[in-house]
Amino acid sequence: MKITLTVNGVTRSAEAEPRTLLVDFIRTQLGMRGTHIGCDTTSCGACTVVLDGLPVKSCTVLAAQAEGAEVRTVEGLKQNGSLHPIQAAFKEHHGLQCGFCTPGMMLVGASLIERNPTPSEDEVRWEISGNLCRCTGYMNIVKAIQAAGNELANAEESSA
Amino acid sequence: MYPASFDYTAPTSIEEATALLAELGDEGRVLAGGQSLLPMMKLRLAQPANLVDINRIGGLDTLDAANGHLEVGALVRHADVVNSDLVTSSSPLMASAAPWIADPLVRNRGTVCGSVAHCDPEGDWNSVMLALGADVVATSTSGERAIPIGEFVVDFFTNSLQPGEMVTSIRVPRAHDRTGGAYLKLERKIGDYATVGVATHIRLDTDGTIGEAGIGLTSVGPINIKATEAEAMLLGQHPGDELFASAAAAAGHAADPASDIRGPAEYKRAVVEAYVRRGLAACLSQISQEGR
């Protein structure tokens, strides 16, 4: 079947079987490898994408179900050639070690701070509780998400 | 991991979906959030020949209060329940349970009705529905029927839907005044199945005695268990620590846990007792705060 969806603002189409998972569609059919496959069992969140505004685990969504949907992947964070505040903060605060969980962590973090730019540590930890970092680098991930939120809040304030 | 091949259809109305399901019979399986069904298909524990994806049917994603019920549509996601003021005011037990379902990403996708229909004894919602006495609304080409949750949950991963039927909503009785509800869940980590989960619900009559009591148990038997003996002990009585302790002991007796990686059976039974006691006390404290 032909599947058409919007990925990071660009309309993309490809042929796939009904059983094709969204993560495989993105990686294989669309050739975008930023979205990772970790556990493949809905546990780890490495495959997180934002589907119609909500972060979900794309190993547990059929590509067919994303027909007509808006998908945001880690490749869509960068704007006009510059890093998204969440990317800059992960770099600045050492929010990644091996980098495997990073796309998911950043997408969940970006979704959170776009809703609530100044989350508490508990709120951040709650939000990322569906994403596993096997390097156990949570402290810096939390720090990076909070710093990115502050950055966003300051930018909004200075533009207001 | 890939599921086995299947045919996929995405109807846009209940009529279209039920006509398809009638035609497909045993071969058809409804796909809603897919957070339990797709993992099972990837592990080839389920191999439906046809998936009927109901996500494109309008109007199923609503939470409504009508006729004394809270109606939870088939596409209401767990996250919708977490964020709903209507649920907070209509069902303290549902509001208490919702944040404990899976993890935030799964809650964005998985549905309450799908979880109930899945009948996994490690699923949280069926304990809640058993405690509250909810009805499952099943729709087919010949109309709809309301199935009491106790008759809907038949066995391990088995519900009483007939071929051609789909769950279109769940009707939860709305809480009256002097009602409390609490879901307590012991889990090793967020997103893990419950080691033990306990749903408790009580409503006090105007004379201060218990007019309604509901207790549901998760992960301690082949199905979610309604602790009927414990509920009966509470009815008509004045609430108190001693009464709650006896009901908790009865609920522990009703539990039928197995020893596994999450702990030995006796430990789980002890947790059931402790959580029933604490859950009932939490219900009571909600009710006393309500009066202030």
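1. Two strands are said to pair if DSSP finds at least two bridges between them. Strands (E, at least two residues) and helices (H or I, at least four residues) are DSSP runs, numbered from the N terminus. In chain B, three strands form an open sheet with parallel pairing, in the order β1-β3-β2. The edges are taken by β1 (7–9) and β2 (28–31) of chain B; each has a single partner strand, so one side of each is left without a neighbour in the sheet. On average, neighbouring strands of this sheet are turned by 25° against each other, direction ignored. For such angles, axes are lines fitted to C-alpha atoms, for helices over the stretch in contact, and the values run from 0 to 180 degrees between N-to-C directions.

2. The model is predicted: local features need pLDDT of at least 70 and side-chain atom pairs count only at pLDDT 80 or more, while totals for chains, interfaces and linings use all residues. Residues are numbered from 1 along each chain as its sequence is written, and chains are lettered from A and ligands numbered from 1 in the order in which they are written.

3. Strand β3 (residues 50–53) of chain B pairs with β1(B) in the parallel sense over three bridges. B:Thr9 has B:Val52 in β3(B) as its bridge partner. Helix α1 (residues 14–24) of chain B packs on this sheet and touches β1, β2 and β3 of chain B. The direction of α1(B) makes about 165° with that of β3(B). Here and below, two residues are in contact if their C-beta atoms, placed from the backbone, lie within 7 Å.

4. Chain B also has an open sheet of five strands with antiparallel pairing, in the order β4-β5-β10-β6-β7. Its edge strands are β4 (63–66) and β7 (143–148) of chain B, each of which pairs on one side only. From one strand to the next, the twist averages 25°.

5. Two pairings within the antiparallel sheet deserve attention. β4(B) is joined to strand β5 (residues 69–73) of chain B by four bridges, and the two run antiparallel. The bridge partner of B:Asp64 in β5(B) is B:Glu71. The hairpin of β4(B) and β5(B) has two residues between the strands, and B:Asn67 takes a positive phi near 50° there. Strand β6 (residues 135–140) of chain B runs antiparallel to β7(B) and is joined to it by six bridges. B:Val137 stands opposite B:Ala146 in β7(B).

6. Where does B:Ala227 lie, and is the residue buried or exposed? B:Ala227 is in the loop between β14 (225–226) and α10 (228–234) of chain B. It is buried because 30 other C-beta atoms lie within 10 Å. The classes are as follows: buried means 20 or more other C-beta atoms within 10 Å of the residue's own, exposed means 12 or fewer, and partly exposed lies in between, with C-beta atoms placed from the backbone. Leaving aside residues up to four places away in sequence, B:Ala227 touches B:Ile215, B:Leu217, B:Ala250, B:Ala251 and B:Ala254. The C-alpha atom of B:Tyr275, 48 residues apart along the chain, is separated from that of B:Ala227 by 13 Å.

7. Chain A comprises five helices and five strands, in the sequence pattern β-β-α-β-β-β-α-α-α-α. The C-alpha trace of chain A spans about 45 × 35 × 25 Å along its principal axes. Of the 160 residues in chain A, 48% are buried. Among contacts in chain A with a separation of 6 or more, 60% are between residues 24 or more positions apart.

8. Most residues other than glycine have a negative phi. A:His94 has a positive phi near 55°; this residue is in the loop between α2 (85–92) and α3 (102–115) of chain A. A:His94 is partly exposed, with 13 other C-beta atoms within 10 Å. A:Thr136 likewise has a positive phi, of about 60°, and lies in the loop between α4 (121–127) and α5 (138–159) of chain A. With 9 C-beta neighbours inside 10 Å, A:Thr136 counts as exposed.

9. At the interface, 20 residues of chain A are in contact with 21 residues of chain B. Strand β4 (residues 54–57) of chain A gives the most to the side of chain A that touches chain B, with four residues.
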